Amino acid sequence: MSENLPGIQETRELLKKKKVVIAGVGETEQGKIPDKSSFHFLSEASKLAIEDAGIKKDDVDGLVTAFSLVEHTFMHCTTFADYFGMNPRFFSSVAVGGATAVWMVAEAAMAIASGQAEVVLCVRGDNTLSGISSSGMLALIREMCHAEFEFPYGLTTPGGYALAAQRYLHDWGARREHLAAVAVTMRKHAADKENAMNKDPLSIEDVLSSRVIAEPLTKYDCSIISDGGAAFIVTTEDKAKELGIENDLAYLWGMGQGYSHQYLTTLENLDQIYNAVERSGQKAFNTAGIEPRDVDIAFLYDCFTITVLLELEGLGFVPKGEGGAFALEGRMEIGKDLPVNTHGGLLSQAHLGAMHHVVEATLQLRGDAGSRQVEDPEVAVVHGNGGIVSAHSTVVLGNQPIN
Amino acid sequence: MSEEKKEYNKPLPEFRPETKPFWEAAKEHRLVIPRSRETGEFFFYPRALSPGGDMSDDIEWVESEGRGKVWTFSIHHMGPSKAYKGEPPYVVALIEMEEGVKMMSNVVDVDPKDVSIGMDVQVCFDDVTDEVTLPKFKPAG
C-alpha cells in the first residue's frame with residue numbers, strides 16, 4: 001500500500017517548517033497509590049514535565065488532556081486548567097481510548113502549526129487502580145462493547161480481545177506461546193525500568209499456566225491497572241531555543257490515524273483491523289519519508305498480548321501471521337531486530353494509555369534511558385490503539401529534524 | 001425455557017426506538033434482521049438509518065432462519081461483574097449469519113470445550129425476564 005495518501009505533503013511541509021518537538025517529559029510514581037487523587041497525579045506529572053524542560057508554568061500556553069475513569073467531567077481540559085492554575089489560550093481533551101496519548105502529540109502539533117499555541121502541555125493521570133468504583137469499572141466495560149447488542153451476553157474487555165486472539169490463532173495457525181512471548185519480553189524490559197510495577201521474571205510457562213481470564217488469554221496476557229500520571233511538553237525547535245531548553249529534542253516526523261470499527265459486531269475480518277493499523281502507520285511513515293525498516297525502536301500499544309502482534313504485522317515490521325514467531329524468537333528485545341516497549345509497556349510497567357510509550361520514546365531518542373538505553377536510536381515509532389483494536393494512532397519521532 | 005423465574009441481575013439491553021422491533025420479535029421467539037429497502041443490504045446492529053452509502057431510513061425487518069457459523073469465540077472464565085458469579089465458564093461468540101451480518105451472542109446447550117470456529121449454530125431464545133428475551137445460539141442439527 002504505497003499510493004499517495006491525501007495530506008501527506010502538506011503535513012510534511014508543516015512539520016519541516018515548524019520543527020515540532022517534544023521538549024520535556026515527566027512521570028510520577030506508578031503503582032497502587034491510594035492517597036493521591038486523579039487531579040493530584042495530573043498536577044504532579046505536569047510539574048515534572050515543566051521542570052524537565054526547565055521552563056516556567058507561565059511559558060505554557062496550550063493544554064491537551066484526556067479523560068478520567070474516576071473523576072467524571074464533561075470538560076476535562078478546562079477542569080484541570082482550573083485545578084492546576086493556568087490560563088491556556090489553546091485547550092482540548094482528546095478521548096479516543098488507548099489511541100489518545102499518541103494523538104495528543106498530533107493535537108498539540110496541529111495547534112502549534114496553526115498558531116493556536118506555542119508551548120503545549122500534554123498530560124494524563126488517573127488513580128484508576130485505587131479510585132475506580134465497581135460501577136465505574138462496569139461502565140468502562142460497557143463502553144468497550146455495545147451496551148444493547150453485546151454487553152447483555154457477558155462480554156468483557158479481555159473477552160473482546162480474546163475474540164480477536166482466537167481468530168488470529170485460527171487464521172495463522174499460531175499458538176498461545178506466540179502470544180505469551182510478548183508478555184515475557186515486556187517483563188524482561190520492565191526489570192530495567194526504575195518506575196515499573198511488575199519486575200519479577202516471567203516465563204512462557206508462567207503465562208500459559210496462569211489463571212485463564214477469557215480463552216485464549218490468561219492473566220499475564222492482560223495489562224495491569226495502575227495509579228499514576230505522565231506528561232510531555234510539545235513545542236517547536238525555535239521556541240525551545242528561545243526558552244533556553246537544554247534537553248535534546250525529539251522531533252515529530254509524521255502522524256496518522258486509522259479506524260476499523262467500534263464494536264466487534266461490525267468487524268468483517270482480521271484484515272479490517274490490519275488495514276486500519278496500516279493506514280495509521282502509512283500516513284505517519286510516508287509523512288516522515290521512512291519505511292518500517294528505518295525504525296530503530298517501536299512503542300506499540302500492549303493492552304493485551306494479541307494487540308502487539310496485530311500492530312507489528314499491520315505496521316509492516318513483519319509479514320502478516322509472523323508476529324508471534326518474531327516475539328518468540330526474542331526479536332523485540334533490546335539489542336535485537338526491533339526493540340519494542342523498552343519500558344515494559346502496559347503489560348508490566350503501568351497502564352496510562354500510551355503516555356509512557358511517548359515518554360519512553362523521547363527518553364530513548366535523548367539517550368536518557370539509563371540501563372535500558374538502546375544504542376543510538378535515531379527513529380522511533382509510537383502506536384496507540386483504542387477500543388477493541390478499533391481506533392489507531394501513530395507518530396514517528398526522530399532525534400534530528402525531519403529532512 | 002425458564003419455568004422457575006429466578007431474579008435476573010445481569011445487564012439487560014435498554015431498547016432504543018429504532019431497536020424495539022428486534023426485541024419485540026425476540027420476545028415472540030423470532031429473529032429479525034434489519035435491511036435497507038433501498039439497497040437490499042442487511043446490516044447489524046440495528047440503526048435508524050442504513051449505515052450504507054444510501055443512508056436510507058426505509059428499513060425493513062426480515063425474518064431470519066437463525067442459521068449461522070461461529071466466526072470466533074472465547075470461553076469466559078470471569079464475568080464482567082458479581083452478577084455473573086457461578087456462571088463461568090460460558091461462551092461468548094461472534095456468529096456469522098447466513099444473511100452475512102455478525103451477531104454477538106452466547107453459544108449454549110453445549111460443553112464449551114466442544115465449541116469451535118466454523119461450527120454450525122442455530123438461534124434459540126432465552127426468556128431472561130418477562131420483558132426481555134435474548135437470542136442465543138446452540139449447535140445446529
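Mentor: Helix α4 (residues 100-113) of chain A and helix α15 (residues 355-366) of chain A pack with their axes 7 Å apart, at an angle of about 60°. Helices here are DSSP runs (H or I, at least four residues) and strands are E runs of at least two, numbered from the N terminus.

Trainee: Why is α4(A) called oblique to α15(A)?

Mentor: Angles under 35 degrees count as roughly parallel, over 145 as roughly antiparallel, 65 to 115 as roughly perpendicular and the rest as oblique. An angle of about 60° therefore makes α4(A) oblique to α15(A). The axes are lines fitted to C-alpha atoms over the stretch in contact, and angles run from 0 to 180 degrees between N-to-C directions. The model is predicted: local features need pLDDT of at least 70 and side-chain atom pairs 80 or more, whereas totals for chains, interfaces and linings use all residues. Residues are numbered from 1 along each chain as its sequence is written, with chains lettered from A and ligands numbered from 1 in the order in which they are written.

Trainee: Which residues of α4(A) and α15(A) meet?

Mentor: A101(A), V102(A) and V105(A) in α4(A) meet M355(A), H357(A) and V358(A) in α15(A), contact being C-beta atoms, placed from the backbone, within 7 Å. By class, this contact of α4(A) with α15(A) holds five nonpolar residues, one polar and no charged. Ala, Val, Leu, Ile, Met, Phe, Trp, Tyr, Cys and Pro count as nonpolar, Asp, Glu, Lys and Arg as charged, and the others, Gly among them, as polar.

Trainee: What makes α1(A) oblique to α11(A)?

Mentor: Helix α1 (residues 8-18) of chain A and helix α11 (residues 270-288) of chain A pack at about 55°, with axes 9 Å apart. That angle makes α1(A) oblique to α11(A). The residues of their contact divide into two nonpolar, three polar and two charged.

Trainee: Why is M75(A) called exposed?

Mentor: A residue is buried if 20 or more other C-beta atoms lie within 10 Å of its own, exposed if 12 or fewer, and partly exposed in between. M75(A) has 12 other C-beta atoms within 10 Å, and is therefore exposed. M75(A) is found in the loop between β2 (62-65) and α3 (76-84) of chain A.

Trainee: How many residues of α8(A) are buried?

Mentor: In α8(A), 13 of its 15 residues are buried, so that helix is mostly covered.

Key: Two residues are in contact if their C-beta atoms, placed from the backbone, lie within 7 Å.
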